[in-house]
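The following report describes the architecture of a single protein model. Please consult the sequence and the structure while reading.

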Amino acid sequence: MAQLIKLQDYVSRYETDLYRYPSQFVRLKKQQWEKMKQHWENGDLPKPSPPVQEWADEEKNSMKDKLFSLFKKKEDEEEVTIPESSDEDLQLDMDAGQDIHSEEELKASFLNLVFDFQLRWASSTITEKSYVDNSYHYDERLRYLLQRFPDNIFVMYNPVLKIKNAPVELETVLITPTGIWCLTFLEFEEGTAYIGSGERFWIKKWGEREEKVLNPLIGLKRMERIVHQITRYAGVELPIYQAVISRNGYIDYPQSPVGIQFLDKRIHHEWFQQQRSSSSPIKSVQLKAAQAIMEYCQTTSFKRLQWEEAASKE
């Protein structure tokens, strides 16, 4: 799974120690998968339990109702004492009522559980939390980025950067070992055709219908410009790519600008497989690039209750 290092303006576990958490994520995800698979093979997965409440109420669930510990604290060098309800001790719940018959179904279930956990790491630290928009839990595009790309890719999804004291929301930034991808998605109904141009609006055609959509290159070029300035200032030497993704549609732009890729239904799969097949380990230049961009990210959060109480007693 790709690693969600920044989501909107939420506080992220990665921004506290970007050089520690990526490797910890890879190691502990592997450990938990092996443990979960062993439980399944031994036939001792938990029996279906009553449905849990909505995500907003999940924090109230008792730890004794949890099963598989994911990303549990194992590093001896940690100096902070972790409260029992900390995200470091959060565990994976099997889907209520799910009956798993094959290893493929087990993998799908595991990926969904880790997806939910990634949202936690991308919206909380040991001492702080951010309110997460519930739509992210059902965001198919975010799920596609995290569940179908490899561990060595960092994802920044709708990050809010502070540029000259003004907040600027970007779209999707993938930071890979070999380059940075600035991505914008252009996806509506299946089979939609888009006629590109240098104008403010493009033409969207679907069946007999025809309407205008905002030119996606406007936001894409701004995103690339910002990322380029940040990484250049930080001395990061990684190529920056720009792409418009339309997994279910077609893009026609006869005289398209140089340096922009249009990954529509005809060629998206080829690009996708190239990203998936990369076996390169996480590189120092990749971490440096992520750190440089993260330093410009805006964060909105609040202190966890137990830390508020501890501070008030001091």
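Predicted model: local features only at pLDDT ≥ 70, side-chain atom pairs only at ≥ 80, totals over all residues.

## Basis and overall composition

Residues are numbered from 1 along each chain as its sequence is written, and side-chain values use heavy atoms, with hydrogens and water left out.

The protein has eight helices and 16 strands; these are DSSP runs numbered from the N terminus, with helices being H or I of at least four residues and strands being E of at least two. Of the 314 residues in the protein, 46% are buried. Here buried denotes under 20% relative accessible area, exposed over 50%, and partly exposed the range in between (1.4 Å probe, protein chains only). A contact requires heavy atoms within 4.5 Å. Among contacts between residues at least 6 apart in sequence, 67% join residues at least 24 apart.

Helix α2 (residues 21–41) packs with α3 at an angle of about 145°, their axes lying 11 Å apart. Axes are lines fitted to C-alpha atoms, for helices over the stretch in contact, and angles run from 0 to 180 degrees between N-to-C directions. The crossing of α2 past α3 is right-handed; a crossing is right-handed if the near helix is turned clockwise from the far one by less than a right angle, and left-handed if anticlockwise. On the α2 side, the contact is made by Tyr 21, Gln 24, Phe 25, Lys 29, Gln 32, Trp 33, Met 36, Lys 37 and Trp 40. By class, the contact of α2 with α3 has ten nonpolar, four polar and four charged residues. In this classification Ala, Val, Leu, Ile, Met, Phe, Trp, Tyr, Cys and Pro are nonpolar, Asp, Glu, Lys and Arg are charged, and the others, Gly among them, are polar.

Helix α3 (residues 103–121) also packs with helix α4 (residues 140–148), at an angle of about 110° and with axes 10 Å apart. The two helices α3 and α4 are therefore roughly perpendicular to each other, given that angles of 65 to 115 degrees count as roughly perpendicular, under 35 as roughly parallel, over 145 as roughly antiparallel and the rest as oblique. Leu 111, Asn 112, Phe 115, Gln 118 and Leu 119 of α3 meet Leu 142, Arg 143, Leu 146 and Gln 147 of α4. This contact of α3 with α4 comprises five nonpolar, three polar and one charged residues.

## The loop between β6 and β7

Most residues other than glycine have a negative phi. Lys 164, in the loop between β6 (160–163) and β7 (166–169), has a positive phi near 55°. Asn 165, found in the loop between β6 and β7, likewise has a positive phi, of about 65°, although it is not a glycine.

Lys 164 counts as exposed, at 80% relative accessibility, and Asn 165 is exposed with a relative accessible area of 71%. The C-alpha atoms of Lys 164 and Tyr 296 are 10.0 Å apart, although the two residues are separated by 132 positions in sequence.

## Strand residues and their contacts

Val 173 lies in strand β8 (residues 172–175) and is buried, with a relative accessible area of 1%. Not counting residues up to four places away in sequence, Val 173 touches Phe 154, Val 155, Met 156, Ile 180, Trp 181, Met 223 and Val 227. Its C-alpha atom is 8.5 Å from that of Pro 159, 14 residues apart along the chain.

Ala 193, in strand β10 (residues 192–195), is partly exposed at 25% relative accessible area. Beyond its neighbours within four places in sequence, Ala 193 contacts Ile 203, Lys 204, Lys 205 and Tyr 250. The C-alpha atoms of Ala 193 and Lys 204 are separated by 5.9 Å.

Glu 211, in strand β12 (residues 209–214), counts as partly exposed at 33% relative accessibility. Leaving aside neighbours within four places in sequence, Glu 211 is in contact with Trp 202, Ile 203 and Lys 204.
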